[in-house]
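These are my notebook entries on one structure. I record what I looked up, in the order in which I looked.

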Amino acid sequence: MSKRQTTSAGAPVPTNETSRTAGPRGPLLLEDYQLIEKLAHQNRERIPERAVHAKGWGLQGTLTVTHDITKYTRAALFSKVGNTCDVLSRWSTVAGELGAADAERDVRGFSLKFYTEEGNWDMVGNNTPIFFVRDAYKFPDFIRTQKRHPKTNMRSPEAMFDFWAGQPESVHQVTILMSDRGIPKNPAHMHGYGSHTFSMWNDAGERHWVKFHFRCQQPIENYTNEEAKKIIGETRESFQEDLWNMVSEGKYPKWKLFIQVMKEGEEDKFPFNPFDLTKVWPHADYPLIEVGELEMHTIPENYFQMVENAAYSPSNVVPGIGFSPDKMLQARIFSYADAHRYRLGTHYEALPANAPKAPVAHYHKDGAMRFFRNDTGNFNAYYEPNQYEDAPRPDPSVMEPPMRIDAEAYRHPQEVTDDDFVQPRALYKEVLSDEGRTRLHQNMAGAMAPCSDSVKERWYAVLERVHPDYAKGVRDAAESAPALPVTPDTPIKAAE
Ligand code: HEM
């Protein structure tokens, strides 16, 4: 026998098709509260989409620790080889809205929530080891250039390249974005990176600076612009479909977790700022150390509940894992929880996607949607300190060791220097194949085709600092490209 349908208050409903009316032709009676409830719920089905990374795909899975890194961290998760931990992933595009096509050229977000026995640890990374800017002041402007123009309501290549030309340190990331890696086939075929420098501290209170790498165990696969165009013509949901098919067929995507490690104090000897998010640490100097394996094996039962409601934040660390002085990371420590309180509400951490599997015992109190009981376990203990022996207390043993910092608070300018072009040059000349370089030239020339000549020239000047061949390659590709497409920027420029 089928279950009885009920109201949200649990009362059985007699019908789901006929409203209550005064006569056979109406009008409707206001007392048909089931209908009102149904319409009211529909009106409340949406929450604000994420201001960035709105379109996403998620799976649940497991991290298994395969190697001993206890000399670097006291994190309970890594205390023993063989430890396992439930994980919720969310991959995303940055610029597109909730309904955007999956196979767009964009950086991909790579978020992981580790439900460890000492609380949730979130890794909110990307599929690139670096980022466009290295100061949080520039982040909202950068994102603005990736989103819609306020008048045309369309994306604006003019704004994108204008901004990047004004921030030459972005050329490293723009090169990756315009390379073959710019359109991954789906999340199962890309690496993930914590990108920032984080830290780990061990039982002895020693700190190391750490970078996290999730190396994809499936082949790296990407679409060319032409392939992506075709895919998007056929389906906007190619990533979701691929993940669904892979997991349904038991082909669970896997990544190996590695870390790069630098002893605290060594940063002073490093040839550049190791907390600069626009640069990688050379693998030759800081080799990858294997830690564990991530397998994503389960499609969440309800997408909205587990993926849309997922609230990742770089502020979610656990004892043994910490931050670094990277000022972009520092800004993110504030920004994400603030976004969640706005997007999901005060008690977002109690939602199923975010609720820790570790016991929760805090003194935060009421507010909208308080749907958990007293979290202190003793109803008299609703403040702290208090006289109750069973009440939760802070644990000084999880105090992070003191961090040495430069003393002067000041707006230290980070001017663009030749150092900023060393790594993009190596990427361009030494990592990319001849064909890869050609496609990079073509992709970039295509992306900037609608831009004004002055923006183009400023961008070529940036490329020139990376390598003259790069500037020439893109310029030649641009000049041999078909006539400029008509773009939304064109009338605006003409009108000004
Ligand atoms: C100062 C710089 C940054 C700020 C202020 C910032 C801010 C934000 C905000 C407000 C969100 C939306 C969160 C939500 O509504 O749930 C977001 C999402 C995200 N950001 Fe950032 N972001 C910054 C830099 C970065 C960097 C450098 C990375 C990668 C290394 C990154 C990766 C992500 C990812 C993956 C998401 C999606 C999280 C999810 O899956 O829910 N962001 N960011």
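Predicted model: local features only at pLDDT ≥ 70, side-chain atom pairs only at ≥ 80, totals over all residues.

**Entry 1: Ser 195**

I looked up Ser 195 and found that it counts as buried because its relative accessible area is 7%; buried means under 20% relative accessible area, exposed over 50%, and partly exposed in between, with a 1.4 Å probe and protein chains only. I noted its place in the loop between strand 5 (192-193) and strand 6 (198-201). Helices (H or I, at least four residues) and strands (E, at least two) are DSSP runs, numbered from the N terminus. The phi of Ser 195 is near 65°, a positive value in a residue other than glycine.

Residues are numbered from 1 along each chain as its sequence is written, and side-chain values use heavy atoms, with hydrogens and water left out.

**Entry 2: Asn 153**

I then turned to Asn 153, whose phi is near 60°, a positive value in a residue other than glycine. Asn 153 belongs to the loop between helix 2 (139-146) and helix 3 (157-166). Is Asn 153 buried or partly exposed? Its relative accessibility is 46%, so Asn 153 counts as partly exposed.

**Entry 3: the cavity**

Rolling a probe the size of a water molecule over the atoms shows where empty space is left. On a 1 Å grid over the protein atoms alone, a cavity is a set of points where a 1.4 Å probe fits but cannot get out; a pocket is an open set with protein on both sides within 12 Å along at least five of seven lines; lining residues have an atom within 4 Å of a point. Grid points are joined across faces, edges and corners, and a volume is the space filled by probe spheres set on the points.

I found one cavity of 30 Å³ or more. The largest cavity holds about 60 Å³ of space. Its lining includes Ser 195, Tyr 193 and Trp 281. Strand 7 (residues 207-216) gives the largest share of this lining, three residues. By class, I recorded five nonpolar, four polar and one charged residue in the lining. Ala, Val, Leu, Ile, Met, Phe, Trp, Tyr, Cys and Pro count as nonpolar, Asp, Glu, Lys and Arg as charged, and the others, Gly among them, as polar.

**Entry 4: the largest pocket**

I recorded a volume of about 1200 Å³ for the largest pocket. Of the 31 residues that line this pocket, Pro 356, Val 360, Ala 361, His 362 and His 364 are the closest to its centre. The lining divides into 16 nonpolar, eight polar and seven charged residues.

**Entry 5: the ligand**

Which residue of the protein gives a donor to the iron atom of the ligand? I found a single donor, Tyr 336 (OH), 1.7 Å away; donors are N, O and S atoms within 2.8 Å of the metal (3.2 Å for Na, K and Ca), and water is not among the atoms, so sites may look incomplete. Tyr 336 is in helix 8.

I listed 24 residues around the ligand, of which Arg 50, Arg 90, Ser 111, Asn 126 and Tyr 336 come nearest; a residue is near if one of its heavy atoms lies within 4 Å of the molecule. An N or O atom in the side chain of Ser 111 is 3.0 Å from an oxygen atom of the ligand. A polar side-chain atom of Arg 343 also lies 3.0 Å from an oxygen atom of the ligand. Strand 3 (108-116), strand 4 (119-126) and helix 8 (327-343) each give two or more residues to the shell. The largest share, seven residues, comes from helix 8.

**Entry 6: two cis peptide bonds**

I noted a cis peptide bond from Gly 26 to Pro 27, with omega near 0°. Pro 27 lies in the segment before helix 1 (33-43). A further cis bond runs from Glu 384 to Pro 385, with omega near 5°. Glu 384 is in the loop between helix 8 and helix 9 (419-431), and counts as partly exposed because its relative accessibility is 34%.

Technical notes
Polar contact = N/O pair within 3.5 Å; in protein donor to acceptor, adjacent residues only side chain to side chain.
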